Amino acid sequence: MTIGPLRGASVSASIIFQLKPQMNITNQIRHALWQLSDRARRNAEYFERRRTAFAVVAIVGFPLYYFIWNDLFPQSYENLPLRLIGSALFLPIVFERHWQSRFKKIWAAYWYLALLYALPFFFTLMLFKNNSSAVWLESTLIAVFVMVLLLDWVTLIVHCVVGVGLAWLAYSLTTAAPRLEAVTLVHLPIFFFAIVIGTLANYVAELVRLEQERAMLATAGSIAHELRTPLLGIRSGAAGLRNYLPTLLTAYQLARENALPVAAIRKPHLEAIKGVLERIEAEANYSNAIINMLITNVRLSRPGHQDLSPCSMMNCIHIALERYPFSADEKSKVSFVTGADFTFNGVELLMVHVVFNLLKNSLHHIAKVDKGQIYIHTERSPQGNLLVFRDTAAGISNEVLPHIFKRFYSSSTAGDNIVGSGIGLAFCSDVVRAFGGTIDCSSVYGEFCEFSLKFPVIEL
C-alpha cells in the first residue's frame, strides 16, 4: 500500500540522552568485543588507499627476495613455497574492488590474516630457521616497524603474540632440535622495546584521532543544537500568526470593500500570504527533524553500549513514516508494502533513525534527478529477516558504492544543493551491526539503489 498523509513531527532529542541503561555482564562482554572489532575495521579502512600498494610490494617482494637470499647473498635457509603462499595471499587484495558482495564482508579479516602471515609469522619463522643471522635479525626488526605503521595498538599486540607463537610452533614441528639462539635472546629486549614504543605511539595516535573525530562530531552537534532553538521559536511564531492571519486578511478585505485608507496588496501577493505561514512551519518542522537526526547520529555514533531488547520492525517503520517531515510532493513517493512483521534485538529509537537516514538519502537523490520512487518491504525467512529499502532514482556508481558506509565519506559535489556529511550511512551501518545484523547495498547506476538490512532470527 502507499502511505497517505504523514505527520511532520520531529523526534525529541531529549529521548536520546535517556538511553544510558546499566549493562549486565553479557552486554559488557558484547560491548568489549564490538569495540575491538570496530577498532580493527576502522583501522583497516584508514589504510585502504595504501593496502593495494602494500599488496603489490608483498606480491613482488616475496619471490624477489628468495633469489636475493638464495642466489645473490645465500643464507642458511630459504623456502620458495612459503614465499609463494605470501604472494598468493595478497593477490586478492589487489583486486579487492572486484570482490563479490558476500566476500566484501570479510575483507578486513582477510587483510589482517594476510598481514599475520606476511609479517610476524613469516619473518619470525625465517629468523628461527636461519639461526638468528644478522640479516634476519634486521629483517625482523623492519617487519616490526611495518607492523607499527599498519596496525592499531590492540591488533599489534595480538599479531605479535599469535604470529610469534605460530612461528615457534612451525619451527618446532619442522626442526629436529629446535632451540632459541643466544643472539636472539640478546636482541629480545630490542624487539620488545620496539613493540612497546610502537604500541604506545599507536595508542596515542588513536586517542588523537578519536579526539579529532569527537571534536568534529561535537561541533556538528553543537551547531545543530543551537540552530534548533531559533527554529522552534520560528515555528511557534508561525503557528501563532497562522491562528490570527485569517482574521487580519478578513479585516483587510472589509477595509478595501468599504474604501478605507489601507495600502493595496496585489492579488498574487495576497494568495502567497495565505500559504506562507504553513510553509514556514513545515520547513521549521523539517529542519528540526533533520537536526534531531544529526544529533542522534553524532551522540550515538557508537551504539555498541546500548542494552538491546526485542523490537517490532513493523512498528519502527510506522513510527519513522509517521514522524518524518515529508514535504507535500514527497509523501506520494514512498510506498510501504506491508509484509510479515519480525522481531529483532535492538533499540527502537535507533532503528527509527536508521529509517530516517535512508529516507533522507533517497529523497535527496530523487530530488536531484527529478525522478524515482521509494519502496519499502519486509521479509521473513529461517535464514534471517530482511528490511528492504529501494529507490529508483539515480543509483550509485561502481566507484562510489564500496565507500558509502565509511564515516565522513561523501559522494556529494560542490554543485549539490546539500553536501553530505558522510555520517548518515556510517551511522546506519554501526547501528545494524550493533544489533547483530548486516547492511548491504546493491545498485545499477541510473536505475535503482537497494539497501538490504538483514537481522538474525531470535527466539521469543
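An open sheet of five strands has the order β2-β4-β5-β7-β6, and its pairing is mixed. Strands here are DSSP E runs of at least two residues, helices are H or I runs of at least four, and both are numbered from the N terminus. Two strands count as paired if DSSP finds at least two bridges between them. The model is predicted: local features need pLDDT of at least 70, side-chain atom pairs count only at pLDDT 80 or more, and totals for chains, interfaces and linings use all residues. Residues are numbered from 1 along each chain as its sequence is written, and side-chain values use heavy atoms, with hydrogens and water left out.

β2 (334-337) and β6 (438-444) stand at the sheet edges. Each has a single partner strand, so one side of each lacks a neighbour in the sheet. Neighbouring strands are turned by 15° against each other on average, direction ignored. β6 runs antiparallel to β7 (residues 448-455), and seven bridges join the two. T438 has K454 of β7 as its bridge partner.

Helix α11 (residues 348-369) packs on this sheet. The helix touches β2, β4 (374-379), β5 (385-391) and β7, where contact means heavy atoms within 4.5 Å. Its direction makes about 170° with that of β7. Axes are lines fitted to C-alpha atoms, for helices over the stretch in contact, and angles run from 0 to 180 degrees between N-to-C directions.

α11 also packs with α12, at about 145° and with axes 9 Å apart. The crossing is left-handed, meaning that the near helix is turned anticlockwise from the far one by less than a right angle; clockwise would be right-handed. On the α11 side the contact uses L350, H353, V354, N357, L358 and N361. They meet G424, L425, F427, C428 and V431 of α12.

Elsewhere, helices α5 (residues 107-129) and α7 (residues 153-174) pack at about 45°, with axes 8 Å apart. That makes α5 oblique to α7 (under 35 degrees is roughly parallel, over 145 roughly antiparallel, 65 to 115 roughly perpendicular, the rest oblique). Their crossing is right-handed. Contact residues include Y112, F121 and F128 of α5 and H159, W168 and Y171 of α7.

Aromatic pairs number 18, counting rings of Phe, Tyr and Trp (its six-membered ring) with centres within 6.5 Å. F405 and F451 have ring centres 6.2 Å apart and planes at 75°, so the pair is edge-to-face (planes over 60 degrees apart; under 30 is stacked, the rest tilted). F405 lies in the loop between β5 and α12 (424-434), and F451 in strand β7. The two are 46 residues apart, and the pair links distant parts of the chain.
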